[in-house]
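Please follow the account below with the sequence and the coordinates at hand. It moves from strand pairing to nonpolar packing and then to aromatic contacts.

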Amino acid sequence: DAFTVLLAPIELTLDSIDPISGYPGDFLNFSLTGTGFQTGAVVEFLPDSTFFDISASVITSSLIQGTIDIHSDTPIGFQSVRVTNVDTNFAELFNAFEVLEITIPIEVTLIDPSSGYQGDTLNFQIEGAGFETGATVEFFSDTASFDISASVVNSNLISGTIIIDQNAPPGFQTVRVTNPDLSFDELTDGFEVLQIPLTIISIDP
């Protein structure tokens, strides 16, 4: 009887994915490296597989390439990557791909009112984008001349009060908003301190 020596199957392993992250709404080209990939192997992201449309082709037994369409409503966080061969064997990379939160750059576009007199206490609003809870508001270059209390209403609006010191120097101030992550934006010369008009009460003689 003839005796056939069979080659041992190559173990299915998964080593890396590139890229390792993306944003909701992204359409990405990707590659996976490992061993033992079989033609027809399937690529999945877990646990949220329904949020990804993945098209994959086995290039060699150690390389898979394809595209990932990340749905716009995909949850933020890590996904494990699974490759399943046609013989149902599979390998996983735990938390190998991260869906990142889309962040809006901070921008200051308007402050209302844009001026006040020495000694005034004013309610104000700042409009813009990318404001985060806990953002702070400062006036430059005379920070010590202002007592500012501010609250983030939403990512586009900050409201609060400004107390202008009676001795605040007249002139323009740059308005700066700083997020907790230390990103900031400024409105150059956005606020003007006005000098209290001189009032003549009486003259004698």
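Thr-121 stands opposite Ile-163 in strand 14. In this predicted model, that position belongs to the pairing of strand 11 with strand 14 (residues 157-164), which is antiparallel and extends over 7 bridges. Strand 11 (residues 121-129) is also joined to strand 9, again in the antiparallel sense, by 5 bridges. Here Val-108 is found opposite Gly-128 of strand 11.

Strand 14 has a further partner in strand 13, with 8 bridges between the two antiparallel strands. Within this pairing, Ala-150 faces Gly-160 of strand 14. Strand 13 and strand 14 make a hairpin, and 2 residues lie between them.

Taken together, these pairings give an open sheet of 4 antiparallel strands, in the order 9-11-14-13. Its edges are strand 9 (107-112) and strand 13 (146-154), each of which pairs on one side only. From one strand to the next, the twist averages 25°. As a general point, the strands of a sheet pair through backbone hydrogen bonds, in either a parallel or an antiparallel manner.

The next topic is the packing of nonpolar side chains. The largest nonpolar core contains 21 residues, of which Leu-14, Leu-32, Ile-64, Val-81, Val-83 and Phe-97 touch the most other members. Two or more residues of this core come from each of strand 1 (13-18), strand 3 (27-35), strand 4 (42-46), strand 6 (63-70), strand 7 (77-84) and strand 8 (90-99). The greatest contribution to this core is that of strand 8, with 5 residues.

Which residues does Ile-64 touch, leaving aside those up to four places away in sequence? The contacts of Ile-64 include Phe-30, Ser-31 and Leu-32, together with Phe-37, Ala-41 and Val-43. Ile-64 also touches Ala-56, Ser-57, Val-58 and Ile-59, as well as Val-83.

In general, a pair of aromatic rings is described by the distance of the centres and the angle of the planes. The whole structure contains 4 aromatic pairs. In one of them, the ring centres of Phe-139 and Phe-146 are 4.9 Å apart and the planes stand at 65°, so the pair is edge-to-face. Both Phe-139 and Phe-146 are buried.

Phe-139 also pairs with Phe-191: the centres are 5.0 Å apart and the planes are at 35°, so this pair is tilted. Because Phe-139 lies in strand 12 (residues 136-140) and Phe-191 in strand 16 (residues 184-194), the pair ties together parts that are 52 residues apart in sequence. The relative accessible area of Phe-139 is 1%, and that of Phe-191 is 0%.

Elsewhere, Phe-45, Phe-52 and Phe-97 form one aromatic cluster.

Finally, two arginine residues are placed over aromatic rings. Arg-82 lies over the face of Phe-90, at 4.3 Å from the ring centre. The charged end of Arg-176 sits over the ring of Phe-184, 4.3 Å from the centre of that ring.

Key
Residues are numbered from 1 along each chain as its sequence is written. This is a predicted model: local features need pLDDT of at least 70, side-chain atom pairs count only at pLDDT 80 or more; totals for chains, interfaces and linings use all residues. Side-chain values use heavy atoms; hydrogens and water are left out. A nonpolar core is a set of buried Ala, Val, Leu, Ile, Met, Phe, Trp, Tyr and Cys residues joined through side-chain atoms within 4.5 Å. Buried means under 20% relative accessible area, exposed over 50%, partly exposed in between (1.4 Å probe, protein chains only). Contact means heavy atoms within 4.5 Å. Two strands pair if DSSP finds at least two bridges between them. Axes are lines fitted to C-alpha atoms, for helices over the stretch in contact, and angles run from 0 to 180 degrees between N-to-C directions. Rings of Phe, Tyr and Trp (its six-membered ring) pair if their centres lie within 6.5 Å; planes under 30 degrees apart count as stacked, over 60 as edge-to-face and the rest as tilted. A charge sits over a ring if NZ of Lys or CZ of Arg is within 6 Å of the ring centre and within 35 degrees of the ring normal.
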